[in-house]
Amino acid sequence: MGLGGISLWQLLIIVAIIAPFWRIFSKAGYSPWLSLLLVLPLVNLVMLYFLAFSAWPALRSSAP
């Protein structure tokens, strides 16, 4: 069984997807909690485009 229909292997896959993006969002200067949106269909594509094409706050603060 699992957590309301989610089996253990599905939970492990979700964690394996979120963990690297948690680090990427925090290194980019965004809230790492945004990585939780990657679990939602279509929202994950929007978030990836946002991350790829936006100006990262971490790079803006280090610019001369």
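This passage describes the fold, confidence, surface and selected local features of a predicted model of one protein chain.

The protein chain contains three helices and zero strands, and its elements, read along the sequence, follow the pattern α-α-α. Of its 64 residues, 12% count as buried. Where contacts in the protein chain join residues at least 6 apart in sequence, 36% of them link residues at least 24 apart. The chain exposes about 4900 Å², and 77% of this area is supplied by carbon and sulfur atoms.

Confidence in the model was considered for the chain and for its elements. The protein chain averages a pLDDT of 84, with 89% of the residues scoring at least 70. Among the elements, helix 2, which comprises residues 43-53, has the highest mean pLDDT, at 89, whereas helix 3, comprising residues 57-62, has the lowest, at 74. Where pLDDT is low, the predicted coordinates should not be read in detail.

Helix 1 spans residues 8-28. This helix has 21 residues and reaches 30 Å from its first C-alpha to its last, a distance close to the 30 Å expected at 1.5 Å a residue. Within helix 1, the residues Ile-18, Phe-25 and Ala-28 are buried. Leu-12, which is also found in helix 1, counts as exposed because its relative accessibility is 54%, above the cut-off of 50% that defines this class. Leu-12 belongs, moreover, to a nonpolar patch on the surface, which is formed together with Ile-6, Leu-8, Leu-11 and Val-15 and has about 440 Å² of accessible area in total. Helix 1 thus includes buried residues, among them Phe-25, as well as the exposed Leu-12.

Two backbone positions with positive phi were noted after the end of helix 1 and in the loop that comes after this helix. Gly-29 follows helix 1, and its phi is positive, near 100°. Leu-42 lies in the loop between helix 1 and helix 2, and its phi, near 70°, is likewise positive, although the residue is other than glycine. The side of the classification on which Leu-42 falls is also clear, because a relative accessibility of 64% is over the 50% required for an exposed residue.

How values were computed. Residues are numbered from 1 along each chain as its sequence is written. This is a predicted model: local features need pLDDT of at least 70, side-chain atom pairs count only at pLDDT 80 or more; totals for chains, interfaces and linings use all residues. Side-chain values use heavy atoms; hydrogens and water are left out. Helices (H or I, at least four residues) and strands (E, at least two) are DSSP runs, numbered from the N terminus. Buried means under 20% relative accessible area, exposed over 50%, partly exposed in between (1.4 Å probe, protein chains only). Contact means heavy atoms within 4.5 Å. Accessible areas come from the Shrake-Rupley method with a 1.4 Å probe; for residues, only the protein chains shown count as cover. pLDDT is the predictor's confidence in each residue, from 0 to 100. Patches are made of residues with over 30% relative accessible area and no salt bridge: like charges are joined within 9 Å, nonpolar side chains (Val, Leu, Ile, Met, Phe, Trp, Tyr) within 5 Å. A salt bridge is a side-chain nitrogen of Lys or Arg within 4 Å of a carboxyl oxygen of Asp or Glu. The expected span of a helix is 1.5 Å times one less than its number of residues.
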